[in-house]
Amino acid sequence: MDITHLVSKRSTCLRRQVGAILVKDKKILATGYNGAPSRLDHCLEVGCLREEKGIPSGERHELCRGLHAEQNAIIQAAYHGVGIQGSTLYCTNHPCTICSKMIINAGIHQIVYEEGYADSLATKMLKESGVKTEKFSRPLKGEGGTSHSPPGTDKT
């Protein structure tokens, strides 16, 4: 998950820095972070439309210059001809409904995320589709063990 956080540092969003990595067979296939499309000014340069209009997080996704980290990871894989079917998505945040639909149709079979996101429809759709989700939990300092939740716990 440390690499996912490193990728999130490239984000140009003023509200939230999100990183995503697609992995298969222990190899990174593609990375993505949230920000404006290529060749467009970033929110860091022109301001945040969502902040200006007072739009709460999780609502009216179409009123944003940026793409989500998950979207950018899927797009980068497609752009470079990298197959992602059967891969795992590591993401700093749980995907929204729009990203969840893309994840399902891209054939991604598992999501490991660190922070939640207030989108119950996304959770429902992922569960219904059979995409496994797992909340990542960091071990406390001084504790050994695995960084993922134990099998059979905290999964939807």
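This is a predicted model: local features need pLDDT of at least 70, side-chain atom pairs count only at pLDDT 80 or more; totals for chains, interfaces and linings use all residues.
How do the residues of the lining of the second largest pocket divide into nonpolar, polar and charged? They divide into six nonpolar, seven polar and one charged.

**View 1. The largest pocket, with a volume of about 450 Å³.** Welcome to the largest pocket, where 28 residues make up the lining. To find its centre, look for Cys13, Arg16, Asn34, His68 and Tyr117, the lining residues that lie nearest to that point. Sorted by class, the lining of the largest pocket holds 13 nonpolar, ten polar and five charged residues.

**View 2. The second largest pocket, with a volume of about 320 Å³.** Here 14 residues form the lining, and Ala36, Pro37, Ser38, Asn72 and Gln76 are the closest to the centre. Strand E2 (27–33) and helix H4 each bring at least two residues to the lining of the second largest pocket. H4 gives the most, with four residues. As for the opening question, seven residues of this lining are polar, six are nonpolar and one is charged.

**View 3. Helix H5 (residues 97–106) packed with helix H6 (residues 120–129).** The axes of H5 and H6 lie 8 Å apart, at an angle of about 15 degrees. That angle makes H5 roughly parallel to H6, since angles under 35 degrees count as roughly parallel. In this view, H5 passes H6 in a right-handed crossing. On the H5 side of the contact you will find Thr97, Ser100, Lys101, Ile103 and Ile104, which meet Leu121, Ala122, Met125, Leu126 and Ser129 of H6. The contact of H5 with H6 is made up of six nonpolar residues, three polar ones and one charged.

**View 4. Helix H4 packed with helix H5.** The crossing of H4 and H5 is left-handed, whereas H5 crosses H6 in a right-handed way. From H4, the residues to look for in the contact are Glu70, Gln71 and Ile74, and from H5 they are Ile98, Cys99, Met102 and Ile103. By class, the contact of H4 with H5 has five nonpolar residues, one polar and one charged. Ile103 of H5 is a handy landmark for moving between the views, as a residue of the contact with H4 and of the contact with H6.

Note on methods:
Residues are numbered from 1 along each chain as its sequence is written. Side-chain values use heavy atoms; hydrogens and water are left out. On a 1 Å grid over the protein atoms alone, a cavity is a set of points where a 1.4 Å probe fits but cannot get out, and a pocket is an open set with protein on both sides within 12 Å along at least five of seven lines; lining residues have an atom within 4 Å of a point. Grid points are joined across faces, edges and corners, and a volume is the space filled by probe spheres set on the points. Ala, Val, Leu, Ile, Met, Phe, Trp, Tyr, Cys and Pro count as nonpolar, Asp, Glu, Lys and Arg as charged, and the others, Gly among them, as polar. Axes are lines fitted to C-alpha atoms, for helices over the stretch in contact, and angles run from 0 to 180 degrees between N-to-C directions. Angles under 35 degrees count as roughly parallel, over 145 as roughly antiparallel, 65 to 115 as roughly perpendicular and the rest as oblique. A crossing is left-handed if the near helix is turned anticlockwise from the far one by less than a right angle, and right-handed if clockwise. Contact means heavy atoms within 4.5 Å.
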